[in-house]
Amino acid sequence: MTFIDIRNLRKSFGPATVVHDFALAVERGEFVSFLGPSGCGKTTILRMIAGFETASAGSITIDGQEVTDLPPAKRNVGMVFQAYALFPNMTVAQNIAFGLRVARRGPDEIAARVEEMLRLIKLPDIAGRYPYQLSGGQQQRVALARAIAVKPQVLLLDEPLSALDAKIRVSLREEIRSLQKDLGITTIFVTHDQEEALSMSDRVVVMNEGRAEQIGTPFEVYNYPRTRFVASFVGTLNILTATVIDAENGRLAIDGREVLAAHTVEGRASGDTVTVALRPEAVTFGEAADGRDELAGTVEAVSFLGAVVRIRVRLESQTVSLDAFNQPAVRLPAAGEPVTLCFARDDLLVVAGG
Amino acid sequence: MKASRIGPWIAVTLGALYFLVPLIGTFEFSLRMRRGTYSFDAYRIVLGDPNFQASFLYSVVLALATIVVGTLLVVPTAYWVQLRLPKLRPLVEFVTLLPLVIPAIVIVFGYLRLYNSQSILPLTDSSRGTDLLLTFGYVTLALPYLYRSVDTGLRAIDVRTLTEAAESLGASWSTILFKVIFPNIRSAILSGAFLTFAIVIGEFTFASLLNRPAFGPYLQLVGANRAYEPAALAIIAFVVTWACMGLIQVFGAARGPTQPK
């Protein structure tokens, strides 16, 4: 059953429309991420769900109740902000208790809930501290506790990890996900970090220029991008231009070299140009065996990335990057060396709109 | 001493002399009431004068009323401008600066014309009404200082996010203002309040033309009729003002729970 139902949502600021007819149905207990670059409209949609922005058109329904025109205080929606937004004049306990006090809960209930929340975020001993006495990670945990203390029906997370350093970001995202699963709270998470979106979400909404480019599970979005934008934004991808030789049989030419796609190229005729995508991890060195295609080129650059070595190979006019595991015992080609690349036909994706 | 430092030192010394010599002279003169020896007689007479006590108390009460009314007017206005009407900021800043360019005597004649006994709102008909009018007049005079202090305080915190965080937790506007905004700009409000206090304590024009028994007209009256007491009063007025400035520094520099790491 749909818990959050967003229909034809639009937002304009003067003549500029930043969200175009956005629609999304979120199930109860689902974790959905809005992923996209700055200015794509993801935060605006989140703020419309929270009630901080008024929708220019469309509707938002939460658990069967339309909330489109309700003020934020009446929506029972918890929000965690990028800048933590803890009240600087209050201690951690007072921050967590704020929403409960506003709701006029009894002092015993408030004290018990605050203690429960502090245990939940694994910071039981910081009740008396002020926000400025906490690290960024601790502040964000407290902000999370404050948001869920009032038992909101929806939890909104607006880039909550962006201000934290890399290590804390990884540990906190795991904590947020496990907390969300334990509490079963329907959550919408806004991020521009694809790794966060892919690792935490049940579904990802990839956004671009105020529109949802693709909605799907992390696996679908990563492996089967529907548009050129999704292909380029989610993960590192080789975007190549190919010429259609035989659309029905999926025969294409990349820099004059014939390859065979796994599927027919719909809506294109021979001689048309299409965009194809190839993940770096799907490409290996060596000649093609059955069910695989090959391309030939010269190594242009070798970049050491730690566990992975990224090698850029120039074909005729285009380049293809491939990722190889860093194994000291295995020799990798050097710059200027001619190489043959191969990949499975299933991995060659013909991208719509290309 | 390096040659490059001599210039600034000369400037500082000249400035200090310009400020301190008259002050030291006034203080020295205020101690000369008893012939041939220094004494605090002038201070004893001034502080023991019932008119001094009454006028000082009157001005203190009015200063406190001005601070309360001014704060209740300025904080929500500055907050609203920052949160929802940022485009209005230049206009509001201009309006709050007007009391600096319009002489107090012009303002008070305007008041007398608007609120005299023949007007729709005859505030000058009664003492209480005139006290109220004087308070509002002082709020106007203090507006440039109070607004700037509060606005600076609001700029130092993330007003929008704090407001939204409180809203998402179900807080009403009054709860947000009194539980979140006011406490977080406390030192800014106090700075504005002490400046307001210092202005009101020594104000003469409004109180004199509205015929109220404030400290400013008392200073003028004593100054016109006595020799040593006015000097003592001037020093007392300086001490009160300096105390206010000192308190601004104390509250401004205090590391409270609202300060970030």
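Me: How far apart do the C-alpha centres of domain 1 and domain 2 of chain A lie?

Reply: In this predicted model, the C-alpha centres of the two domains of chain A lie 39 Å apart, where domain 1 covers 2–226 and domain 2 covers 236–351, bounds that come from an automatic or database domain assignment. Residues are numbered from 1 along each chain as its sequence is written, and local features need pLDDT of at least 70, whereas side-chain atom pairs count only at pLDDT 80 or more.

Me: What area is buried between domain 1 and domain 2 of chain A?

Reply: The size of an interface is often given as the accessible area lost when the parts come together. Here about 460 Å² is buried between domain 1 and domain 2 of chain A, with carbon and sulfur atoms giving 50%; buried area is the accessible area (1.4 Å probe) that two parts lose on being put together, summed over both. In domain 1, Tyr222(A), Pro225(A) and Arg226(A) lose the most area to domain 2, together 76% of what that side buries.

Me: In what order do the 5 strands of the open sheet run, and what is their pairing?

Reply: Strands of a sheet pair through backbone hydrogen bonds, either parallel or antiparallel. In chain A the order is β15-β19-β16-β17-β18, with antiparallel pairing; strands (E, at least two residues) are DSSP runs, numbered from the N terminus, and two of them pair if DSSP finds at least two bridges between them. The edge strands, each pairing on one side only, are β15 (284–285) and β18 (319–325) of chain A. Strand β16 (residues 292–304) pairs with β19 (residues 338–344) of chain A over 7 bridges, and Arg292(A) stands opposite Ala344(A) in β19(A).

How values were computed
Chains lettered and ligands numbered in written order. Heavy atoms only, no water. Helix = DSSP H or I, 4+ residues; strand = E, 2+ residues; numbered from the N terminus.
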